[in-house]
Amino acid sequence: MIQQSRKPSNRIWFDNPIPTYTLVALFVPLTMQFVDDKSNADKTPESYISSPIPSSSVNDFFPSYSKYYIDLSEKLKSFEQLGNNWNGYGSPMLQTKIISNATSFLSLIKEISSDLSVFPTARNSIQFEFETIDELYSEAEIFSEKIEIYFEYRDNPAEYFSFNKIEDASEKFLRIHESKFC
Amino acid sequence: MNLNFVEDDEILHRAVKPNLTFWSTKDNRPTSALFKDSKGVSVDRTGSRSESEIRSSMLAKFPGLRGEIQVLTLDSRKLFCKVEPDSRIDNPFHALIKGGENIQLSNKQARELAKLCKFIEYD
């Protein structure tokens, strides 16, 4: 049985608006401490609060991978619409649990979303994969009860791993992406 | 056509459906997921047919088909896959690509086939 844990509370999740709004509320007064006193000598505290937040701050709250993560999430969701024989060769429809597992897995690897593709298979699994320009290729195949990771790098022997915990599989996949094989 | 054996030089054809579910636009190639099937990978063997006959047959089965992937039987066997005829009443050209000992291909076999296959786009 694949174990799914709650999102760690010590991390900020951009898809949860509450901590984001909290950050905004905290960020504005914090920036005031770093403003040049000379250039703003004639400004009142009230005018600081009414000043617009610099656009670069927006990127802190909406990381660059957001668009890719959303695209992948929507693609995963679209797999719910695949009925039996979706590939024309007798493929079964994907179980809800597999899509759910894949969604959880994606949430743990979202920072590499821009490099990922995702596909259904005809053997009751969903596959994430990436390939880098220096020939590192890896795929994570999400089943209902396990996740299998395969990777190959140039002419080196391919390696396989099997996990029954989503967190362990995601950590391995991220490390492979960072070229940390061990 | 030898009904009991798929010749090494026969090309194997598999449909790629219009929604490009199996096409990796990032890498401009089919994904190995295309070759992952619990029942073996269904293909159509060339037999003694021409390209146009094969295309007509594929389009009849898959209306609106965008294209097909092709892989040589010999290349599959070099990867230790089995290619076996699996003639059916509605499709005498049906064949299966299987893993060596298992029906399913290994990740490595699927990956290598994805790299070897050619995508033929229909006009």
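Which residues do ring pairs link into a cluster?

1. The cluster consists of A:F105, A:F128, A:F130 and A:F173, joined by ring pairs, where rings of Phe, Tyr and Trp (its six-membered ring) pair if their centres lie within 6.5 Å, and planes under 30 degrees apart count as stacked, over 60 as edge-to-face and the rest as tilted. Over all chains, the structure holds eight aromatic pairs.

2. This is a predicted model, in which local features need pLDDT of at least 70 and side-chain atom pairs count only at pLDDT 80 or more, while totals for chains, interfaces and linings use all residues. Residues are numbered from 1 along each chain as its sequence is written, chains are lettered from A and ligands numbered from 1 in the order in which they are written, and side-chain values use heavy atoms, with hydrogens and water left out.

3. The rings of A:Y89 and B:F62 form a tilted pair, because their centres are 5.3 Å apart and their planes stand at 50 degrees. A:Y89 is buried at 13% relative accessibility, and B:F62 is buried at 8% (buried means under 20% relative accessible area, exposed over 50%, partly exposed in between, with a 1.4 Å probe and protein chains only).

4. Within chain A, A:F161 and A:F163 make a stacked pair, at 6.5 Å centre to centre and 25 degrees between the planes. A:F161 is partly exposed at 22% relative accessibility, whereas A:F163 is buried at 17%.

5. The largest nonpolar core has 32 residues, of which A:F105, A:L116, A:I126, A:F128 and A:F173 touch the most other members; such a core is a set of buried Ala, Val, Leu, Ile, Met, Phe, Trp, Tyr and Cys residues joined through side-chain atoms within 4.5 Å. A second, separate core of 19 residues includes B:V6, B:F35, B:V43 and B:I69.

6. Contact between the chains (heavy atoms within 4.5 Å) takes 26 residues from chain A and 28 residues from chain B. The buried area, meaning the accessible area (1.4 Å probe) that two parts lose on being put together, summed over both, is about 2,300 Å², of which carbon and sulfur atoms give 45%. On the chain A side, A:Y89, A:F119 and A:R123 lose the most area to chain B, together 32% of what that side buries.

7. Six salt bridges are found across the interface of chain A and chain B, each being a side-chain nitrogen of Lys or Arg within 4 Å of a carboxyl oxygen of Asp or Glu. B:K36 forms a salt bridge with A:E139, with the closest N and O atoms 2.5 Å apart.
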